[in-house]
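Please read the points below with the model open beside you.

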Amino acid sequence: MTFNSFEIPVPHGLVVKSPEAAWDVVYNIGAPSILKAQVLAGGRGKGKFSSDGKGGVRMVNSPDEAFENASKMLGHRLVTNQTPPAGLPVEKLYIYKAVDIAKEYYLAVTFDRQRASPVLLMSEEGGVDVETNAKQLQRFWFGLSTGLTPQIMAYIEAELGFSDNDMAMVSHILYQLVKLFRDKDATLLELNPLVRTPDGSFICLDAKLHFDDSARFRQSELFSLEEHSPEENDEYEASQLGLSYVRLDGNIGVIVNGAGLAMATNDLVTWYGGQCANFLDIGGGATKETLAKAFSILQGDPRTKGLLINIYGGIVRCDMVAESILAATEALRLPVVVRLQGTNYQKGCELGRLDNVLLEDDFEAAAETIVRLTKN
């Protein structure tokens, strides 16, 4: 799925993975050209590379400049205001012929949760500073079934000062963007900037797209394009099993069922002086297989010095969790503290014991024990 397939104008470009390929592309399409780091984070233009401190969006005026800049971008880390502190590794660049810009606009389609309605956001001030100028955003609410009505289009033309010729092209882009938003189960489509060129054309130079994760079954082709960085392998593997995994900075692995229980567990561990290495929610439909994978993910993290398993049995039975724990931790040499409450709690406690697995009935006692064991 591309913007081209929805007839939304974008500059023709190519993705490269080596400085040599960057040289070839700029030689063929001509200069000046734009090099953009391909990372799953915004703020690239104002970011800084670990190699030379320059940003992730650069203009080059020759193939040699393209080679030189690509050498300082590919294989290095880019830090922006939306990346982790260490930044993200850049393995690909997108290169296209530079576009002359007469005016920039910001354009986005998303959901207004307070009004339970999709909303179109537009501003005459596009570019990297749009987030600091949020008050300048014009908001146009619409229905998914009705789309953008002629009345809304007339209001947009008046408010943003488009000429009739401009509005003919802008209307096409807006209609197609709403169609993409609806057809592909998007939650955010952001064009920043959408630019008008000196000859009066409109073209999208950058975009950010988010899609509803719950629509994977409808959008299998779209989600097959999904990429993730090496740092997100655990998160990706967990998501494929229906598990919610968030990597944190501590050394205590945590397995819970329920987001509220996860946050309470994290708070209590922190209260007793520990720090969680993760947030792993197995949910209500976990099986022995998914639990085994959850254990595998945590055991494969070299930072993990101990495991805290805090399960309130409802749909997930405590005896099934206990069986999975025994199978997964038999060869494990890390301390494991288990708190089970709820459905089949007694059966779970009677299945057996291992030297490195401690059962605690009390929530606070469980958190205090794992903190003490990991510190020792």
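1. The buried residues of helix α11 are A366, A367, T369, I370, V371 and T374, where buried means under 20% relative accessible area with a 1.4 Å probe and protein chains only. Helices (H or I, at least four residues) and strands (E, at least two) are DSSP runs, numbered from the N terminus. This is a predicted model, in which local features need pLDDT of at least 70 and side-chain atom pairs count only at pLDDT 80 or more, while totals for chains, interfaces and linings use all residues. Residues are numbered from 1 along each chain as its sequence is written, and side-chain values use heavy atoms, with hydrogens and water left out.

2. These buried residues of α11 pack against β15 (252-256), α7 (259-271), β17 (306-313), β18 (336-342) and β19 (357-359), a contact being heavy atoms within 4.5 Å.

3. Elsewhere, four strands form an open antiparallel sheet in the order β1-β7-β2-β4, and two strands count as paired if DSSP finds at least two bridges between them. Its edge strands, β1 (13-16) and β4 (57-60), each pair on one side only.

4. Between β1 and the antiparallel strand β7 (residues 93-97) there are four bridges, and G13 stands opposite Y96 in β7.

5. Helix α1 (residues 19-29) lies across β1, β2 (33-37), β4 and β7, and runs at about 15 degrees to β7; axes are lines fitted to C-alpha atoms, for helices over the stretch in contact, and angles run from 0 to 180 degrees between N-to-C directions. Helix α2 (residues 63-71) also packs on the sheet, where it touches β2, β4 and β7, and its direction makes about 155 degrees with that of β4.

Terms used: Buried < 20%, exposed > 50% of the residue type's maximum accessible area, 1.4 Å probe, protein only.
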